[in-house]
Amino acid sequence: MSVTGSSKWLDAQAEHQAALQTIPSCLSLCDLKNDNYYKLIAAEIPTDLVSKSHLKVYKGTTLVCEQGLPGIPIAVESFYTEEHEPKVPIIAVAIGPSVLFYRNMKPYFKYTLPGLEVESVEHDVWRKLPTERPENVRSLIETLKTVELNRLTVASQKLLCIPDEQIHEYIHEHRDAPLQRLPTITAMTTLRRTSNDAKSVSCLVIASESGEIFILDSQAFTVLHRARCCSSHGTPCMISVSGQFDIDFRIVVSTREGGVSILKKSWLEGRQIIRLDHPTTGLAILPIDQTIVVVCMNNSLMCYSKKGKRLWSLTLPAHSICMVPVMLAHLGLTLVCVALFGGLVQLYLGKNLVDQFTASDTVSAMTFGRLGQEDHVLALVTVDGSLIIKILKRTAEFLPRLIGNEVTGRVSNQSAQETSNTGNLRIPKKTKVFVEQTIRERENAAAIYQSFQSELWRLRLTAARATVDVINLAESTLSGDGGFAPIKLSAQVLGLGPIFQLKLRLENMASRREANNLCVLLHAENRHYTLERPFIRLPPLVPGVLLTINFKVTVIIDPTDGLPPPDLTPDNSVIRVMVFKCGQTKPLIAATISMPNPELQALDVY
């Protein structure tokens, strides 16, 4: 058998003569002919400079279709562009600066990323090269070295590499060709447009070597959103997304420089949240808890929050090669599958190892999803070119305690049996008192609920009475000393209504001590009055200086008859003014101000 070591997976198929060489980003699963039979799409990467790349379609492990590619593929994705039936997926293959789209495995469309600005020095050099003397050509070419290599066009990069005897011929061939600096695609994935359904319309998310992120409309093939992955220079190498474009989404980008950035909806520039010391071999943002899982080349598996805080990390037993999230909707779980050097494949639930098995050789690429008519299939490609298909058993469960017994042998059989019956917690046996209490609560449920409500209202009444007592005790126009400087408060109401001006005057009555950190709070019935500024912080009050504060108070008027509320009477037309020391709940001064009734002439009723 090619794969051993786990009882949760069925060894469905294995083809050791497939001779398939690819990377994780060049694998995809899709319903190619809309017949509800999913196939494996793989872009083959040649191991030498003579062979040609191919886009291959596998039915199980059998090659059923093959299409030649004009270059080395970077990533392969399958997505849908239309809502109506029949829903035929589009295969997108990223090669260099372009994305090739295939429909029914036939060329459908080609999209090229927008060009970058060409350096002025490079323009001047190519303008002078055709007419320059032969002895000065080399010195003119050396001028191109003053520009960073990644900011030169492909023509200039080749010009710096060719020998002297071929320079004149190369210049003659490219003298009339326009200078184009096109960004190279480094990563690609898909983002759902409005729904998370398996066959809903998606957008294409493309990361370029220049550090830009493009979100491409799959119907009009135009750029919907364009942003930079981070403020500093970074070259994206891996990308993962979650959410929907029309609602809200997050794009997590890993760069070759060791940074991990996050980009949200409507952002024009991402924000770097994680700084890693080693390059990444896997990146994924999990859909349930929105955590970011990263696998690095230093044998570490780490999990971060969406704000960049490390939640946990663990050391892997061997070098990591690739990683893929395993989403199990029927169990409500998302596992992380990590392929290690030597053929070991491990599955983690959080930081707990829940399963592992061994392949015949080191796994170089893998993907998880629906294949054929099975919903949970893991497709693996090994370094020697073998293609292995494994199907998850429908009865498989992933419990950390159980798998600890199966994989590591460190959990006893009795402990595993108890865990299978009760989960992760050891629940004690039901006592006689517990059973009697349960029966009593079931028989007297209505009375217990009424008693609870009665006690709850009594608690609320006690709290309200205590609040009123505190306010009444503090009602005075002059605060006591109590360790603070005594404050005097006076008020005056100006205006005829419905808009009044409440003028408060505060004075520090101490001889030498100043009053700091004071605030004023106004409270009124919101059915009767509207306060423009109910709360304000006061500046320091020095002795002998009068502080005046104006507040705008508006009586709520009925727009139909232009009259104030009928329940506004002289008894309840009051505004409470409280002066607090910041950080304390008991007011220093609390005063009640009686508001006059608005004059009818001011209400425009006559």
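Which residues touch the most other members of the largest nonpolar core? They are Leu504, Leu506, Val520, Leu522, Leu538, Phe551 and Val553, out of 32 residues in that core. (A nonpolar core is a set of buried Ala, Val, Leu, Ile, Met, Phe, Trp, Tyr and Cys residues joined through side-chain atoms within 4.5 Å; buried means under 20% relative accessible area, exposed over 50%, partly exposed in between, with a 1.4 Å probe and protein chains only.) Keep in mind that this is a predicted model: local features need pLDDT of at least 70, side-chain atom pairs count only at pLDDT 80 or more, and totals for chains, interfaces and linings use all residues. Numbering runs from 1 along each chain as its sequence is written, and side-chain values use heavy atoms, with hydrogens and water left out.

- Leaving aside neighbours within four places in sequence, Leu504 is in contact (heavy atoms within 4.5 Å) with residues including Val520, Leu522, Phe551 and Ile593.
- Another core, of 22 residues, lies apart from this one, with Val324, Leu347, Val363 and Leu378 among them.

**Ser240**
- Ser240 sits in strand E14 (residues 236–244) (strands are DSSP runs of at least two residues, numbered from the N terminus).
- With 11% relative accessibility, Ser240 counts as buried.
- A polar atom of the Ser240 side chain lies 3.1 Å from the backbone nitrogen of Ile285.

Methods:
Helices (H or I, at least four residues) and strands (E, at least two) are DSSP runs, numbered from the N terminus. A polar contact is a pair of N or O atoms within 3.5 Å; within protein, one must be able to donate a hydrogen and the other to accept it, and residues adjacent in sequence count only if both atoms are side-chain atoms.
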